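Please examine the sequence and the structure shown here. A short report for a new reader comes after them.

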Amino acid sequence: MPAVKYKNMKEFDSIIFDMDGTLWDATDSYVECWNIAAERLKFPTKVDRKMLESVMGWDEKKAYEFLFPELEEEKIKQLASTVSDIQDELIPQLGGEIYEGVQEGLKSLSTQYRLFILSNCPKHTIKQFMKFAKIEDLISGSISFGENRVPKSENIKLLVDRYELKNPVYVGDTNSDRVQCERAGLPFVYVSYGFDKVDEYYKSFDNFTSLKEYFLDSE
């Protein structure tokens, strides 16, 4: 059961999407980039898929501190910067698994809604994803944590102000997404095929096609 009631779905004018766990799964690629960075820096900080899945949706500092509490702040900054550089180099080649129905669904939704992507990822990863998925022309704007290093709730507010959105909704897959939406005052739509279990939401969908159909039927 959702904790808060919002305006009728028909009144939404825009949809803001999380990226990882919502539009694609690039975890294996991130693991490869992270471990190359650890080897390059000679840090004992290698990760596996399960480790990264456990912190998906978290802001960078919190994720690094959780995974490697023994690392000093300066080393965390160094590792994060190196991982980001390697992702810039390799993600365009490695890509990820785009969830079924996402490309077609975004194309249909873009005919009736303004679409955005907002994620706690390095600066260039959203643009790399959009290029990989061939959806650049469908997305009206995006913000990543790597651009300004502020919490997702603040970036949601920034996006809403920047594009003068009147009644947006956020789609994500983690409880962290839900909390940040609540802080920003947006309704949270949960996709259950992602990385986390969430018990409170405005609406929930098991696949992207059913999400698309619901939003289009609500018009």
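## Basis and confidence

This is a predicted model, in which local features need pLDDT of at least 70 and side-chain atom pairs count only at pLDDT 80 or more, while totals for chains, interfaces and linings use all residues. Residues are numbered from 1 along each chain as its sequence is written, and side-chain values use heavy atoms, with hydrogens and water left out.

The pLDDT is the predictor's confidence in each residue, from 0 to 100. Its mean over the protein chain is 92, and 95% of the residues reach 70 or more. Over residues 1-7, pLDDT stays under 50; for this stretch the model has 13 contacts beyond four places in sequence. A contact here means heavy atoms within 4.5 Å.

## Nonpolar cores

A nonpolar core is a set of buried Ala, Val, Leu, Ile, Met, Phe, Trp, Tyr and Cys residues joined through side-chain atoms within 4.5 Å. Buried means under 20% relative accessible area, exposed over 50%, and partly exposed in between (1.4 Å probe, protein chains only). The largest core has 57 residues, and those with the most contacts inside it are Phe 17, Phe 129 and Leu 211. Helix α4 (residues 73-94) gives the most to this core, with 7 residues. Apart from it lies another core, of 15 residues, among them Phe 116, Leu 118, Tyr 170 and Tyr 190.

Helices (H or I, at least four residues) and strands (E, at least two) are DSSP runs, numbered from the N terminus. In helix α6 (residues 125-133), the buried residues include Ile 126, Phe 129 and Met 130. Beyond its neighbours within four places in sequence, Phe 129 is in contact with Met 19, Leu 23, Trp 24, Ile 98, Ile 117 and Ile 135.

## Packing of α4 and α6

Helices α4 and α6 pack at an angle of about 10°, with their axes 9 Å apart. Axes are lines fitted to C-alpha atoms, for helices over the stretch in contact, and angles run from 0 to 180 degrees between N-to-C directions. The pair is therefore roughly parallel, a label for angles under 35 degrees, whereas those over 145 count as roughly antiparallel, 65 to 115 as roughly perpendicular and the rest as oblique.

On the α4 side, the contact is made by Gln 87, Asp 88, Ile 91 and Pro 92; on the α6 side, by Thr 125, Gln 128 and Phe 132. Asp 88 counts as partly exposed, at 24% relative accessibility.

## A buried leucine and a buried asparagine

Leu 159 lies in helix α8 (residues 152-162) and is buried, with a relative accessible area of 0%. Not counting residues up to four places away in sequence, Leu 159 touches Ile 16, Phe 116, Leu 118, Ser 142, Ile 143 and Leu 165.

Asn 35 is found in helix α1 (residues 27-41) and counts as buried at 16% relative accessibility. Leaving aside neighbours within four places in sequence, Asn 35 is in contact with Thr 45, Lys 46 and Val 47.

## Positive phi values

Most residues other than glycine have a negative phi. Arg 149, not a glycine, has a positive phi of about 60°. Arg 149 is placed in the loop between α7 (145-148) and α8, and is partly exposed, with a relative accessible area of 49%.

Glu 164 also has a positive phi, near 50°. Glu 164 sits in the loop between α8 and β6 (168-172) and counts as exposed, at 61% relative accessibility.
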